[in-house]
Structure formats: structure tokens, C-alpha cells
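Keep the viewer open as you read.

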Amino acid sequence: MENTEALNRFLAGIERRAFRMARFATADDDEALDLVQDAMLGFVRRYACKCEEEWSPLFYRTLQSRIIDWHRRTVVRNRLRGWFGGAGGDSDEGADPLENVADVNAPDPGRHLTNRELGGAIERALRKLPLRQRQAFLLRSWEGLDVAQTALAMGCSDGSVKTHYSRAVHTLRHLLKEYRS
């Protein structure tokens, strides 16, 4: 019972960050939600019995595995669409019209616009990173995992984590140089 409560707290505390991480990888809310839910279920099935200190890197390893699988499936799906002449996208699904409605509760529209532009630039820059660099950056910087935990989550060596992270930081600095003060 106590382990179940701790597991529920852990998953509740990690779900938003995991969703954003999956969203960066997929650029689709529905796909990201599916990946996070699948990762959570797989994590609970395989690692619920592990000690609490091990949960974070194990969960992220599970999530990263699901993201890599999603990328592989997407490549195959897109290749098949290309061979069979599929468009690759649903043209009847438009943007959400509510996204264009102004938020009357926003205290400073100029600041909100600047933050939104910066957030969009960061998201675009993260998407430009190769998958392994993006994983290393998000796990180290966003999740605060140390090198060893990140290596466990990514299934690689400590040296690989350091290399991927360093390259990601340099690339992001270059891509976001206009936003630096």
C-alpha cells in the first residue's frame, strides 16, 4: 500500500515533464500522451518493485525507449506512404481556433508574446537536435539527472552522455544566440 502511494506520487510528479519531453520528440500532443502513458504502464509493470531512488532513471529509460520505437515506426510509416503515394498528413484537421483567442487574464501582453516566442524558439531548437543529443540535454538539464543516471536512462556510457550533452549545449547556444542577453 505504501509503495503504491509512493509510486502514484512519483508518476504524478513526473507526468508533465515526461509529456513535454515526448512532445518535443513527436511534435504531436496525442502521440506524446500515448508515449507517456505507455511508458508509465511499462515502468510500473517492470520496475515498481525497485527502490524509489532508482525510479527516475528507469522511468526515463523506459520513456526514451518508447520514443525511439516511435521514431522507427514513423520512418517506416512515412517510407510506405511515399511508396504508395500517401499525402502524409490529414488536411481536414485544422489548427485549434481557440489558440487565437486573447487571454484577458494575461497581465502584460508584450511580455507574454516575448515569452511565447522564446518558448517556441526553444522548442524548434530542441527539435533540430539529433535524438540522442536531445535526450541527453533534456535528462541532464531539465530533469536534473546526473551523468550516471542519464547514462542508465539512455542505455549508453557516461562518456557518450557527456559528448551528446556538450554537443547539444553548443548547438542550442548557436541556434538561440539572438535570445541571449
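Before looking at any pair, a word on axes: they are lines fitted to C-alpha atoms, for helices over the stretch in contact, and the angles between N-to-C directions run from 0 to 180 degrees. Bear in mind, too, that this is a predicted model.

Now the overall picture. The chain has seven helices and zero strands, so its pattern along the sequence reads α-α-α-α-α-α-α. Of its 181 residues, 33% count as buried. Its accessible surface is about 11,900 Å², with 50% of that belonging to carbon and sulfur atoms. Among contacts with a separation of 6 or more, 66% link residues 24 or more positions apart.

Next, zoom in on H5, residues 131-142, and H6, residues 147-154. Their axes come within 10 Å and cross at roughly 135°. H5 and H6 are therefore oblique to each other, and their crossing is right-handed. On the H5 side, Arg132, Gln135, Ala136, Leu139 and Arg140 make the contact, meeting Val147, Thr150, Ala153 and Met154 of H6. Sorted by class, that gives five nonpolar, two polar and two charged residues.

H5 also packs against H7, residues 158-175, at an angle of about 90° with the axes 8 Å apart. Angles of 65 to 115 degrees count as roughly perpendicular, which is why H5 is described that way relative to H7. H5 brings Arg132, Gln133, Ala136, Phe137, Arg140 and Ser141 to this contact, while H7 supplies residues including Val161, His164, Tyr165 and Leu172. Here the classes come out as seven nonpolar, four polar and three charged residues.

Methods
Residues are numbered from 1 along each chain as its sequence is written. This is a predicted model: local features need pLDDT of at least 70, side-chain atom pairs count only at pLDDT 80 or more; totals for chains, interfaces and linings use all residues. Side-chain values use heavy atoms; hydrogens and water are left out. Helices (H or I, at least four residues) and strands (E, at least two) are DSSP runs, numbered from the N terminus. Angles under 35 degrees count as roughly parallel, over 145 as roughly antiparallel, 65 to 115 as roughly perpendicular and the rest as oblique. Contact means heavy atoms within 4.5 Å. Ala, Val, Leu, Ile, Met, Phe, Trp, Tyr, Cys and Pro count as nonpolar, Asp, Glu, Lys and Arg as charged, and the others, Gly among them, as polar. A crossing is left-handed if the near helix is turned anticlockwise from the far one by less than a right angle, and right-handed if clockwise. Buried means under 20% relative accessible area, exposed over 50%, partly exposed in between (1.4 Å probe, protein chains only). Accessible areas come from the Shrake-Rupley method with a 1.4 Å probe; for residues, only the protein chains shown count as cover.
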